[in-house]
Amino acid sequence: MADFSADYAVLKQEIIENEFKRMNDMQRKAVFTVNGPLLILAGAGSGKTTVLVNRIAYMLSYGNAYLDKTVLEYIGEREIAFLKQYRDHPNGQDLEAVHGILAVRPPRPWNILAITFTNKAAGELKERLNAMLGEMGDEVNAGTFHSICVRILRRNIDRLGYTSSFTIYDADDSLRVVKDSMGDLGISDKMFPPRMILNEISHSKDKMLPPKDYINAAGNDYRLSTIGKVYERYQARLKAANACDFDDLIVLTVRLLETYDDVLEYYQNRFRYILVDEYQDTNHAQYRLVSLLAQKHHNLCVVGDDDQSIYKFRGATIENILSFEQQFEHATVIRLEQNYRSTQNILDAANAVIANNRERKGKNLWTENGGGEKITVRRTADESAEAEFVATSIVENVKQGRKYSDHAVLYRMNAQSNSIERYFIRSNIPYRIIGGHKFFERKEIRDMLAYLNVINNPSDSVRLRRIINEPKRGIGNATVVTAEQIAEQAGIPLFDVLREADTYPALARKASSLREFVSMMMDLAFTAEQESLEWLLDELLDKTGYLAMLKADGPEGEVRIENIEELKSNMKNYENENGDDASLSGFLEEVALYTDLDNLNQSDDCVVMMTLHSAKGLEFPFVYIVGMEEGIFPSRNILNFPEEIEEERRLAYVGITRAKERLYLLSASSRMLFGSTSRNRQSRFVDEIPDGLIDFKDTSVTSYAYQPVPKKPSSFTVDNVGKAVQAKKAVIDFKVGDMVNHRVFGNGMVVSMTPMAGDVLVEAVFDKVGTKKIMANFAKLKKV
């Protein structure tokens, strides 16, 4: 019998290579490496989404065919002839037969789990899979960490003492629960800012640290012990309300998988191949989740870029990607360094900047796009001149035929947008701010969602309190507090107390109003089971009196009604996309996991303005990064901390690599920010770019030459050009544990003080903005 193994092996690889010929060598290597742990180090603009989509398509069509040496017994002369014919003249009609001959143990679509960080990324992945695979693409499990965990919890959370109709609390709801928990314990919100405690709880959950362990670790530390008590009470309140915060979605899923072997085995067998995007942004809890799911079959592929790890403040740990080979034995590492987005000049600048970091695996981006224009670096007199340059440049580009939407303005912090906005308005430049006042944060929308959440989950006491007297029904706060106390003592949900109000003497006077409210909500719950979401919202607006209240509110009420109509549009879209599977709980789940970036429509012709953190994953032909100054970017608060400087440098790398054609880096020699003026030298991140790559102009000196001579001696001299104005030495009359006031950040508690370079580095936790590290002489803190 003839041996066709050699011909078969060659034909197999030739056919597969031809099908994926549009990809470069390293991309194909990543696609064809199917089994075992795989780390794909994907540089900015290197086509990682293309790799993910094609890798999934390859697995479903061919399994591990390219690298597998197996020759099937039925391969004979006829099959070899067919494969040769197809290789020389490929056609779609024979493709399925080719897959049948070449495939080696291909998984079913539902055996693949693809985890992304945004709904937008998950949607793009599914769309491209459907385009390549048809209906089979729909059966691949793709979603964010949170959405995947919600699916698992809806099915199994009853084992942890919740019901499947649990509510997902957003940041505002969670903050309300923290404040209520502090009230229960008699803890002052002046000594312990609620937002600081919520941040601490979130970080603890990222580390998989439950309340009891947190309290034990606190020992005799009064501050940590107090936070631990609030944490414990906070979790008890969440569970009583049958609610989870965002962190719980992952923490509870991990706990479920670690506690119940049958649940773990079910999902390990279901998800035999796991792909994780943006792995550099994962925290410890997400690492634990992925490790548990992958530990049986070991087919874990993570895609990420250590040079773009910029979310440490959210709990992300760069160690997950840096230590991948140590955490997963026999791991393969593939680097994607060819960039399809930017010009070589932009890439050379990015490479030069990031090369100054030590904590990285190392790679060098390159492109076939050509050198392109030099990077424009401008030093202006102040933030107004900086804004004027940006506006003038954009107007000129639009005159040359470019669109407003080709342009993005990036900054380190939101406060920098103000001067840019003023010049855009003056120049009639349409713009949109990502991260501004979000649609789902408007009062009327939060009210509607609160009603819908209580209809879906009557145990949701936080949302119930929000709407029980909105519009006014004569149910005052004292009545609600009394009902809550009864619910607490009886160990039952608040809604159940309201339903039986006439059986409690303390509620007798308001029993009629409470029964009417409960009856209305139960009627709406019945409507939710029988009718469409659109119909439910109309009924809600009518029966609650909310629509009548808004109509009586004049023009402002009309605007709010329009916003609710937009919510109705969202409901319609959700029902159209989900068909028979659409439900109230599904819609609320989608809203809870929604982010502002998911709503970025790049077909709108307007300039996009956003922080550098928000820009990750996006690209624009023209990118302006403003405020490239020491003390702004990198921030003054981290100048003495090398690890934090590396994080800021990664953020600069992210900003630079957003640009496709032109990059503008701007700084001001004098900047008014937070009510005070400082003179900062140009950012080190600009200085790290080789001179040959930039077109530099300093217009600040010219601007100063035409200013009138000041009436009193100026502190501005040749010796202090580029330096911050020296502050008078502050009087430090506070110590660790004292409450202090900052003119911008408000009140906060001092948690540490470190002498440093003739000054004192003060770490304080502020109610408005959380933890800040500031120099005492600069901050001028006042003891409260």
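Modeller: Happy to! Keep in mind that this is a predicted model. Let's begin with strand E6 (residues 273–276), which pairs with E7 in the parallel sense over three bridges.

Biologist: Which residue in E7 is the bridge partner of Leu275?

Modeller: That is Cys301.

Biologist: And what do E6, helix H15 and E7 make together?

Modeller: They make a right-handed β-α-β unit, with H15 covering residues 284–294.

Biologist: Nice. Which strand pairs with E7 over four bridges?

Modeller: Strand E1 does, and that pairing is in the parallel sense too. E1 is residues 38–42, while E7 is residues 300–304. One link to look for is Ile40, whose bridge partner in E7 is Val303.

Biologist: How many of the residues in E7 are buried?

Modeller: Five of its five residues, so to speak a strand that is mostly covered.

Biologist: Which way do the E7 residues point?

Modeller: Leu300, Val302 and Gly304 point one way, and Cys301 and Val303 point the other way. Both groups are buried.

Biologist: Let's zoom out. What is the strand order in the sheet?

Modeller: Reading across, the order is E3-E2-E6-E7-E1-E8. That is an open sheet of six strands with parallel pairing.

Biologist: Which strands are at the edges?

Modeller: Strand E3 (141–144) and strand E8 (332–336), each of which pairs on one side only.

Biologist: What about the twist?

Modeller: From one strand to the next, the twist averages 15°.

Biologist: New topic: the whole chain. How many helices and strands are there?

Modeller: The secondary structure comes to 33 helices and 21 strands.

Biologist: What does the C-alpha trace span?

Modeller: About 95 × 80 × 55 Å along its principal axes.

Biologist: What share of the chain is buried?

Modeller: Buried residues make up 52% of the 784. As for the surface, the chain exposes about 35,900 Å², and carbon and sulfur atoms supply 48% of that area.

Biologist: Last one: what share of the contacts comes from residues 24 or more positions apart?

Modeller: Counting contacts with a separation of 6 or more, such residues account for 75%.

Methods. Residues numbered from 1 in each chain as written. Predicted model: local features only at pLDDT ≥ 70, side-chain atom pairs only at ≥ 80, totals over all residues. Heavy atoms only, no water. Pairing = 2+ DSSP bridges. Helix = DSSP H or I, 4+ residues; strand = E, 2+ residues; numbered from the N terminus. Axes fitted to C-alpha atoms, helices over the stretch in contact; angles between N-to-C directions. Buried < 20%, exposed > 50% of the residue type's maximum accessible area, 1.4 Å probe, protein only. Contact = heavy atoms within 4.5 Å. Areas by Shrake-Rupley, 256 points an atom, 1.4 Å probe, with all protein chains shown as cover. Right-handed = clockwise from strand over helix to strand, strands pointing away.
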